[in-house]
Amino acid sequence: MDFFTHIIFVVVIGYLFHGTQIPLWIPAIIGAVLPDLIGETFYQIGRIAKGKKIKILYDEEVSGSHAYLGNSSFLFPYNLLHSFVMIPFLFLFLLPIDFIIAYTSHLLLDLFSHSKKTWGVMAFWPFSKKRFGGEEDWWQWRVYKKLKSLFKSFIINNFL
């Protein structure tokens, strides 16, 4: 999923743990976006290193980019942070429980929204490279394509 979806989900977690004390939600928000914040950064650096442009909106090219970045060091942070193997380390570092729950929620959302053929979660990486996930990446879903089209037309009509 994208940052927005992960943040919306974690708002529920923040509210359950801390009610309306929004500053106390910060560990959960960080936990929910950390895998993509670091992983996406290195992914984009890898794209640039391979002569590709930065991609902000997901599309079919992003689905295929796992093939040319799959074994590169640029995906090490993405794979590590999207592995359930990291969760015990979070407990060892004594991170707040809402951070760990939000982090785990990120992995679970990605587990169901990424295709096992492309960007599926390698749940036990580095011990196993087997990918888990659905049949399609979330950016290939019809709802996303419609929203992307509306967003593009909004930008073109109002700002260009």
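A definition before anything else: I call a crossing left-handed if the near helix is turned anticlockwise from the far one by less than a right angle, and right-handed if clockwise. Helices here are DSSP runs (H or I, at least four residues) and strands are runs of E, at least two, numbered from the N terminus.

What I am working with: this is a predicted model, where local features need pLDDT of at least 70, side-chain atom pairs count only at pLDDT 80 or more, and totals for chains, interfaces and linings use all residues. Residues are numbered from 1 along each chain as its sequence is written, and side-chain values use heavy atoms, with hydrogens and water left out.

**Entry 1: α2 against α6**

I looked up the handedness first, and α2 passes α6 in a right-handed crossing. On the α2 side I found Pro27, Ala28, Ile30, Gly31, Ala32, Leu34, Pro35 and Asp36 making the contact, and on the α6 side Asp98, Phe99, Ala102, Tyr103, His106 and Asp110. Contact means heavy atoms within 4.5 Å. The two axes come within 7 Å and cross at roughly 35°. Axes are lines fitted to C-alpha atoms, for helices over the stretch in contact, and angles run from 0 to 180 degrees between N-to-C directions.

**Entry 2: α6 itself**

The expected span is 1.5 Å times one less than the number of residues. I then listed buried residues of α6, among them Phe99, Ile100, Tyr103, His106, Leu107 and Leu111. My cut-offs are under 20% relative accessible area for buried, over 50% for exposed and partly exposed in between (1.4 Å probe, protein chains only). The buried residues of α6 pack against α1, α2, α4 and α5.

**Entry 3: α1**

Helix α1 covers residues 3-18 and reaches 21 Å from its first C-alpha to its last, close to the 22 Å expected. Which residues of α1 are buried? I get His6, Val10, Ile13 and Gly14. Seen down the axis of α1, they fall within an arc of 105°, so they line one face of the helix; the arc is that of the directions from the helix axis to the C-beta atoms. Those buried residues pack against α2 and α6, while Phe4 and Leu16 sit exposed on the face turned away.

I also looked up Phe9, which is in α1 and is partly exposed at 38% relative accessible area. Leaving aside neighbours within four places in sequence, Phe9 is in contact with Ser105 and Leu109.

**Entry 4: α1 against α2**

α1 and α2 pack at about 160° with axes 9 Å apart, and are therefore roughly antiparallel. Angles under 35 degrees count as roughly parallel, over 145 as roughly antiparallel, 65 to 115 as roughly perpendicular and the rest as oblique. This crossing is right-handed.

Most residues other than glycine have a negative phi, and most peptide bonds are trans. I noted Leu94, not a glycine, with a positive phi of about 55°. Leu94 is in the loop between α5 and α6 and counts as exposed at 74% relative accessibility. I also found a cis peptide bond joining Trp125 and Pro126, with omega about 10°. Pro126 lies in the loop between α6 and α7.
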